[in-house]
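Please look over the structure below.

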Amino acid sequence: MAELHQMGIDAVACDIVFNFDATTLQAKGQADLAHVMERLADVTHNYNWDFYQNIAKLTEYRQSALDKFLADYPNGRQAGRYIHTVLPKLPFGDRSFDLVLSANLLFLYSDCLDYAFHWQTILELYRVCSQEVRIYPLQGKDAQKYPLLDNLLNDLNHAGISAEVVNVPWEFLKGSNQMLRLWRCGSQK
């Protein structure tokens, strides 16, 4: 978000933790980073290390991203770029955004978030988009594809929502080289 803002891109980020102050988020961010890196050490075989090379380099990238976020957060929160949100509801009007991105949440945590939550959240993401929704990755933390993806695609089709699985040029978690794309009729494919 901080980098998008620096490039002049009008974007909004939503998260359940955006009701916390920067000091609290810094402590939480550092604890989360340490926890993730510790757990990652046991499952390095599930990851493609072409880009990051190793856990130390990954930690550097993640720490840099956290630092940029923390530097931007106080002003960005005041400016309305960081919005506290509890899914599956979003505090925006219909078709408020051209592009809606959901990264590293829905299917990644399918061991904690059930199909009803996924369905309601995806409908909400679609409600606030005017053109396109992109959801990545399609895998859980176990590196396995979301087992109800075909059901979800079928349900989206029955709801009249155009959806497809699209290859992407990024794969850190092995097999995570696809995203779910939803679009409104009339939007470019």
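The model is predicted. Helix 4 and helix 5 pack at an angle of about 40°. An open sheet of four strands runs in the order 3-4-6-5.

**Helix 4 and helix 5**
- Helix 4 spans residues 115-127, and helix 5 spans residues 149-158.
- Their axes lie 12 Å apart.
- At about 40°, the two helices are therefore oblique to each other.
- The crossing of helix 4 and helix 5 is right-handed.
- From helix 4, the contact uses Tyr115, Trp119 and Ile122.
- From helix 5, Asn151, Leu152, Asp155 and Leu156 meet them.
- By class, this contact of helix 4 with helix 5 has five nonpolar residues, one polar and one charged.

- Strand 5 pairs with strand 6 (residues 178-183) in the antiparallel sense, over six bridges.
- Val166 stands opposite Met179 in strand 6.

**Helices on the sheet**
- Helix 4 packs on the sheet and touches strand 3, strand 4 (129-136) and strand 6.
- The direction of helix 4 makes about 140° with that of strand 4.
- Helix 5 also packs on the sheet, touching strand 5 and strand 6.
- The direction of helix 5 makes about 140° with that of strand 5.

Notes: Residues are numbered from 1 along each chain as its sequence is written. This is a predicted model: local features need pLDDT of at least 70, side-chain atom pairs count only at pLDDT 80 or more; totals for chains, interfaces and linings use all residues. Side-chain values use heavy atoms; hydrogens and water are left out. Axes are lines fitted to C-alpha atoms, for helices over the stretch in contact, and angles run from 0 to 180 degrees between N-to-C directions. Angles under 35 degrees count as roughly parallel, over 145 as roughly antiparallel, 65 to 115 as roughly perpendicular and the rest as oblique. A crossing is left-handed if the near helix is turned anticlockwise from the far one by less than a right angle, and right-handed if clockwise. Contact means heavy atoms within 4.5 Å. Ala, Val, Leu, Ile, Met, Phe, Trp, Tyr, Cys and Pro count as nonpolar, Asp, Glu, Lys and Arg as charged, and the others, Gly among them, as polar. Two strands pair if DSSP finds at least two bridges between them.
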